[in-house]
Amino acid sequence: MMPTAVFSPRGESRAPWDRVLVTGGAGFLGSHLCTRLLDAGAEVDCLDNLSTGCAEKVAHLAGRPGFRFLERDVCEPGCADALRGPYDLVLHLAGPGSPDARPRRPVDVLDTGSLGTRTALAVADRDGARFLLASSPPAGSAAPVGGVPDDADPVRPHGVCAEAVRFAEALVAAHAGAHGSNAGIVRLFSGYGPGMRTDCGGTPGAALGQALAGRPVTVPGDGSRTHPLCYVDDMVDGVLLVAAGRSVRPVDIGGDEEPTAAEIARRVIELTGSDSPLTFVEDTTDEDTRPRPVTGFAREIFGWLPSVTWREGLERTVAALRERPDPLPTATGEPARERTGEWWT
């Protein structure tokens, strides 16, 4: 079944699903997906244990017909039975952090990539629903000392997140092959927009947080590294277009513009009107190992095209952050900056 562009133009067509489960729905991308699906007429169950997500991100949906928030851990025994459905679509966003992240709770990250993905797949199989794993780009494969590729070393500093991502993707592919599950994978690159975190070191989040706080805006190296930024509305379009198809092959969703870190930082300072100086710092990452999205498949098969330029997207993001410049608190009141290692929160 080929996908149909039911979500473009945005919000003007009805969703092809009656009821959708979004795990990790109180995160950054999850909250935007919940909103778009509700606007398109679908009922949405938003599952999140609030370990990295924040209930306030979906507070605006409380009371809307068809929306239900479930504060549960997708890894806990009996979770699948509590998700009664039946669902037409399961979007699995509860998962491990980017391979660049250093999680504070490494065992939880591995459990979510394995047990959590099993639970979400089981719910989709039970209901005959389309399943889509929101994944991270694969880690790089540069070979360090001894000739062993870095992404093959599970005990390296970033190994936990990378291995959780790898296992989750392998599990989805195995289910599709062994059980005939209608399951797919979408790999998401550098999403940003209103509601994003500004305290977890990513681009452009770090620059936004620094500028709004009046701190120096730091740029790694000489600032020439590029970033394939993808505005959240375009990312939601991509996720839902892939969800509407039957592809098992991983699909990259990422920006087609790649501004440099210095360009992003200068644009952030300009938009925020900040007096923050631009400061160049040591670059501790390996540029050659950072993957870039290959979006030809998304364009040719699913008809996905990003429509928001990075400059326009940053302008919208700054306008939203001005209304709430501080990191959102979690349900426990702990500042979000203390909870790192998440995927799309």
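Me: What does buried mean here, and how do you know that Asp45 counts as buried?
Reply: Buried means under 20% relative accessible area. In this predicted model, Asp45 has 2% relative accessibility, so Asp45 counts as buried.

Me: What makes the pair of Asp45 and Arg19 a salt bridge?
Reply: The rule asks for a side-chain nitrogen of Lys or Arg within 4 Å of a carboxyl oxygen of Asp or Glu. Asp45 sits in strand E2 and Arg19 in strand E1, 26 residues apart.

Me: Is Arg19 buried or exposed?
Reply: Arg19 is at 18% relative accessibility, and the cut-off is under 20%, so Arg19 counts as buried.

Me: Why is helix H1 called roughly perpendicular to helix H6?
Reply: Their axes cross at roughly 70°. Angles of 65 to 115 degrees count as roughly perpendicular, so H1 and H6 get that name. The contact includes Leu33 and Arg36 of H1, along with Val236 and Asp237 of H6.

Me: What ties Asp237 to Arg36?
Reply: Their side chains meet in a salt bridge, at 2.7 Å from N to O. Asp237 lies in H6 and Arg36 in H1, so this pair links parts that are 201 residues apart in sequence.

Notes. Residues numbered from 1 in each chain as written. Predicted model: local features only at pLDDT ≥ 70, side-chain atom pairs only at ≥ 80, totals over all residues. Heavy atoms only, no water. Axes fitted to C-alpha atoms, helices over the stretch in contact; angles between N-to-C directions. Helix = DSSP H or I, 4+ residues; strand = E, 2+ residues; numbered from the N terminus. Parallel < 35°, antiparallel > 145°, perpendicular 65-115°, else oblique. Contact = heavy atoms within 4.5 Å. Buried < 20%, exposed > 50% of the residue type's maximum accessible area, 1.4 Å probe, protein only.
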